[in-house]
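Here are a few notes for a first look at this one. Have the model open beside you as you go through the points.

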Amino acid sequence: MSTTGAAADPLAALGSLPGVADSVESVRKAVDRVYGHRIMRRRGNEITSEAALRGARGSAALSGADWALEEVRRRTDFSVGEGDRTVGAALRLTAEAGQLLSIWRQSPLRVLARLHLVAAADRGEAVGRPRQSGEKAEEPLVELPLPDADEVAGRLEGLSQLIIAGGSAPALVTAAVVHGELIALRPFASHNGLVARAAERIVLIGSGLDPKSICPAEVGHAELGRAAYLGALDGYVSGTPDGMAAWIAHCGRAVELGARESAAVCEALQRGAA
């Protein structure tokens with residue numbers, strides 16, 4: 001997302017795109033329904049833990065490791081194969097995201113570096129820093145044009161400035177732009193999709209839309225399917241008003257589906273307690 005020549009608050013301007021206000025309102029209603037469930041008053045921590053597990057599973061699935069939820073739940077060793085490492089990275093990122101909220105608004109680039117460090121674990125000297133000139137990005141299933149290191153640096157700085165400046169943009173819009181921009185740039189040598197979805201989670205939590213992290217957008221992204229995800233990303237990368245609006249709406253639908261997932265967990269817990 002280029003900010004050159006843009007309005008003083010370009011993120012807020014995206015909120016006026018056709019259909020975006022409806023997506024924002026629909027997401028708010030879906031989130032409020034989960035938070036209003038009576039089981040949340042007594043067992044909110046359990047809902048948060050379950051949402052984290054399901055969100056990690058969904059994010060890993062979009063990066064090529066589509067495991068059954070129960071397999072993620074029971075497994076303890078995530079070091080054997082590439083799929084194992086992907087799921088392990090997603091779980092680590094989900095656990096780490098909540099620890100970085102206070103830093104995000106002051107230093108988003110520092111948070112992104114930390115997220116990559118957590119995800120990549122032992123990938124050598126390329127860990128925790130943006131790609132340098134000539135370095136490629138490993139990102140399974142994403143075939144978008146790869147910006148060079150100079151463009152990555154400039155656009156990351158622009159994104160950072162927007163986040164630090166704040167503004168009046170709805171949380172959904174900011175989260176969608178952060179997610180889309182990180183996938184478009186793939187600023188790290190690996191794990192960009194996992195990092196992008198963890199950053200989306202941080203925005204949704206830190207904005208106050210989903211402070212207890214019980215509406216995992218990653219679940220919704222996975223449920224909508226890889227083809228729809230990549231198609232919506234094409235719209236974001238196009239930079240057109242229709243493309244941007246479609247990506248924001250896609251992210252909104254993902255949050256709604258994440259909220260629906262946690263509502264189902266609440267219902268199951270309530271039946272068990274009856």
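1. A word on terms before the helix pairs: axes are lines fitted to C-alpha atoms, for helices over the stretch in contact, and angles run from 0 to 180 degrees between N-to-C directions. Helices (H or I, at least four residues) and strands (E, at least two) are DSSP runs numbered from the N terminus. Bear in mind that this is a predicted model, where local features need pLDDT of at least 70 and side-chain atom pairs count only at pLDDT 80 or more, while totals for chains, interfaces and linings use all residues. Residues are numbered from 1 along each chain as its sequence is written, and side-chain values use heavy atoms, with hydrogens and water left out.

2. Start with helix α3 (residues 39-62) and helix α5 (residues 82-97), whose axes come within 8 Å and cross at roughly 135°. That makes α3 oblique to α5 (under 35 degrees is roughly parallel, over 145 roughly antiparallel, 65 to 115 roughly perpendicular, the rest oblique). The crossing is right-handed, meaning that the near helix is turned clockwise from the far one by less than a right angle.

3. Which residues of α3 and α5 meet? From α3 come Ala-52, Leu-53, Ala-56 and Ala-60, and from α5 come Thr-86, Val-87, Ala-90, Leu-91 and Thr-94 (contact means heavy atoms within 4.5 Å). By class, this contact has seven nonpolar, two polar and no charged residues.

4. Now follow α5 to helix α10 (residues 192-206): their axes come within 10 Å and cross at roughly 25°. The two are therefore roughly parallel to each other, and this crossing is right-handed. Thr-86, Ala-89, Ala-90, Leu-93, Thr-94 and Ala-97 of α5 meet Leu-194, Val-195, Ala-198, Arg-201 and Ile-202 of α10. Sorted by class, that is eight nonpolar, two polar and one charged residues.

5. Is Glu-256 buried or exposed? This residue of helix α13 (residues 241-273) has a relative accessible area of 17%, so Glu-256 is buried (buried is under 20%, exposed over 50%, partly exposed in between, with a 1.4 Å probe and protein chains only). Leaving aside residues up to four places away in sequence, Glu-256 touches Ser-26, Val-27 and Ala-30.

6. Last stop, helix α11 (residues 217-224): Ala-217, Glu-218, Val-219, Gly-220 and His-221 are buried there. After α11 comes Gly-225, with a positive phi near 100°.

Definitions and conventions. Nonpolar A, V, L, I, M, F, W, Y, C, P; charged D, E, K, R; others polar.
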